[in-house]
Amino acid sequence: MIAIVASIVSMGVTAGAATTRPSLVVGIVVEGLNEDYIELLKNRFGPGGFRLLMERGALLQNVEYGQGIDPTAATAMVMTGTTPSVSGITGATVYDIDTKRTMPIMMGTPGSAYRGVNTTESYSPDALLVSTISDEVRISDEGLGYVYAIAPDAQTAILLASHAGNSGVWINDIDGKWSTTSFYTATPKAVSKRNYAMPLSMRLDTLTWRPSLPLEQYADLPEHRKLYPFTNRFSHNERDRYRMFKASATVNTEVTDLAIEYLTSTTMGQRGVTDMLNLGYTVTPYPYSRDADNRIDTQDAYIKLDASLRRLFEAINAGPGLDNTLIFVAGIPSAPSAKRDDPRWNIPHGEFSPRKAISLLNMYLIATYGNGEWVNGYHARHFFLNDKLIKERNVDLEAIRGVAASFIGRMSGISRVYTIDDIIAGRIDDADRSLRRNTSLAHAGDIVVTIAPGWEVVEDDSVIDNNGGGQVSRLGSRSCPVYVMGPDVKPVVINTPVDACILAPTIARILRIRSPNAAAMSPLRLQ
């Protein structure tokens, strides 16, 4: 190991090669993490956070997730080491053809065997079809190790805790309590203590998000942006105050506070087995900002996250020690933007309405095949046909898919269109090469479209919380940085693009345990 800054040495970090596997694993996913911002702000970071990761850790600069990946699907890729087509987690929501409604992919149906704890919503990892690195850590010590997860979002928390985890907790949108599901039966007492002794509902009015630094210290700002600081409040008058808080940089402090309580109250990493603590953070541009130029907000999110990482690493070092801990910090793509470019810039754009598209397609199919409701619905670029009616009328399914796809392909705002048969057979343009691996047949529609760049999808029920807007199409693969720091991990920079599915087997190799059961890629050698 190389020498580190004096302030970290004062934490008591020791040198020397590891003779046993790490006693603690800390897995962190950060929505929206961008290495360009880290590089831009590195001189503004304090010692012990991102600087420690840069000095002691291996950096994978370009970890690729492919097209059409949202934070939920990306988190599943990190944890499982496989693609959405295999893991079953294709995105935050899925379409229910019976109710014609969208629902969170990990939410149980009415009558589910699991109930919410401190929430009326019922979640479980049932939709996750394969094992994760969290599962394998717990299995490796016959269930003696702890596996805990903390995240603002329910589905992130459950993916991080997975099937075999002891507990996964999140902040619910109604009263701000830390919540979980009865699927998990060993939630630390720190959660109930925080809910009742210092509930978020009693503190949220005071948790105003303001700049951490004088405005002149933020990087690459025009002069006019240095005059007006931002202020983001979560007032009790705001209907969505908890959702707003969960989308802000201030939520990272809340997650870190609870994580430190876990470390100090459960003796994690000090029990002769390997424990795992997984956390969800965000630095994504704040969707509720009143200012279209959010450069200061976003930079401040990184500065606040750096402070949270520093506190977390100090707590780890005071417990099991950093030399006994494997830490990975994985950036995941943020959710698609709901903000279109200002019309004054004259960027070509338009609006695509799935409801109008469904109506037009259904009229066309009526003219071709007779009266009936031929189109069931639309969700996240997928059109669903009415399979029941198609069977009743004895219509060839592949043929009607082709007819529907041909019609949809002539609509304004559609750049490419495929039937599910095309995707299965691999009849896909090179630009959409990741579509097959990111499509799960269990959740796929009959026709899949690519929205033209710059076009906004409006009236889309698949967007659960979009702050009043649609989603603006931007094509291209999505990549983020990943840091890995631990015993014997070499401080190297790997700038060659790597698949996100490589992370789970790489972590498993460092821990000397088996990879998740669907992780097919060979691990990187970071030691």
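Helices (H or I, at least four residues) and strands (E, at least two) are DSSP runs, numbered from the N terminus. This is a predicted model, in which local features need pLDDT of at least 70 and side-chain atom pairs count only at pLDDT 80 or more, while totals for chains, interfaces and linings use all residues. Residues are numbered from 1 along each chain as its sequence is written, and side-chain values use heavy atoms, with hydrogens and water left out. The protein chain holds 17 helices and 20 strands.

**Overall packing**

- Of the 527 residues in the protein chain, 56% are buried; buried means under 20% relative accessible area, exposed over 50%, and partly exposed in between (1.4 Å probe, protein chains only).
- Among contacts with a separation of 6 or more in the protein chain, 72% are made by residues 24 or more positions apart; contact means heavy atoms within 4.5 Å.

**Nonpolar cores**

- The largest nonpolar core contains 62 residues, and Ile-150, Tyr-262 and Leu-312 have the most contacts inside it.
- Helix 12 (residues 295-318) supplies the largest share of this core, with 10 residues.
- Another core, of 55 residues, lies apart from it and includes Leu-60, Ala-151, Leu-160 and Ile-507.
- A nonpolar core is here a set of buried Ala, Val, Leu, Ile, Met, Phe, Trp, Tyr and Cys residues joined through side-chain atoms within 4.5 Å.

**Helix 12**

- Helix 12 has 24 residues and spans 35 Å from its first C-alpha to its last, close to the 34 Å expected at 1.5 Å a residue; the expected span is 1.5 Å times one less than the number of residues.
- Because 18 of its 24 residues are buried, helix 12 is largely enclosed by the rest of the structure.

- Helix 11 has 17 residues and reaches 25 Å between its first and last C-alpha, close to the expected 24 Å.
- Helix 11 is mostly covered, with 13 of its 17 residues buried.
- Tyr-262 lies in helix 11 (residues 250-266) and is buried, with a relative accessible area of 0%.
- Leaving aside neighbours within four places in sequence, Tyr-262 is in contact with Tyr-148, Ile-150, Val-169, Pro-188, Ala-190, Val-191, Thr-267, Met-268 and Leu-277.
- Thr-267, which follows helix 11, has a positive phi, near 50°.

**Second largest pocket**

- The second largest pocket has a volume of about 600 Å³.
- Its lining comprises 31 residues, of which Tyr-95, Asp-96, Ile-97, Ala-442 and His-443 are the closest to its centre.
- Strand 3 (93-96), strand 13 (382-385) and helix 14 (387-392) are the elements that give two or more residues to this lining, and strand 3 gives the most, with 3 residues.
- By class, the lining of this pocket has 16 nonpolar, 8 polar and 7 charged residues.
- Ala, Val, Leu, Ile, Met, Phe, Trp, Tyr, Cys and Pro count as nonpolar, Asp, Glu, Lys and Arg as charged, and the others, Gly among them, as polar.
- On a 1 Å grid over the protein atoms alone, a pocket is an open set of points with protein on both sides within 12 Å along at least five of seven lines, whereas a cavity is a set of points where a 1.4 Å probe fits but cannot get out; lining residues have an atom within 4 Å of a point.
- Grid points are joined across faces, edges and corners, and a volume is the space filled by probe spheres set on the points.

**Cavity**

- A search of the whole structure finds 1 cavity of 30 Å³ or more, and the largest cavity holds about 30 Å³ of space.
- The residues lining the largest cavity are Gly-176, Lys-177, Trp-178, Arg-194, Asn-195, Met-198, Pro-199, Leu-200, Arg-203 and Glu-254.
- Helix 8 (189-197) and helix 9 (200-203) are the elements that give two or more residues to this lining.
- By class, the lining of the largest cavity has 4 nonpolar, 2 polar and 4 charged residues.

**Loop residues with positive phi**

- Lys-100 is not a glycine, yet has a positive phi of about 60°.
- Lys-100 is found in the loop between strand 3 and strand 4 (101-104) and is partly exposed at 38% relative accessibility.
- Arg-381, also not a glycine, has a positive phi of about 75°.
- Arg-381 is placed in the loop between strand 12 (375-379) and strand 13, and is partly exposed with a relative accessible area of 27%.
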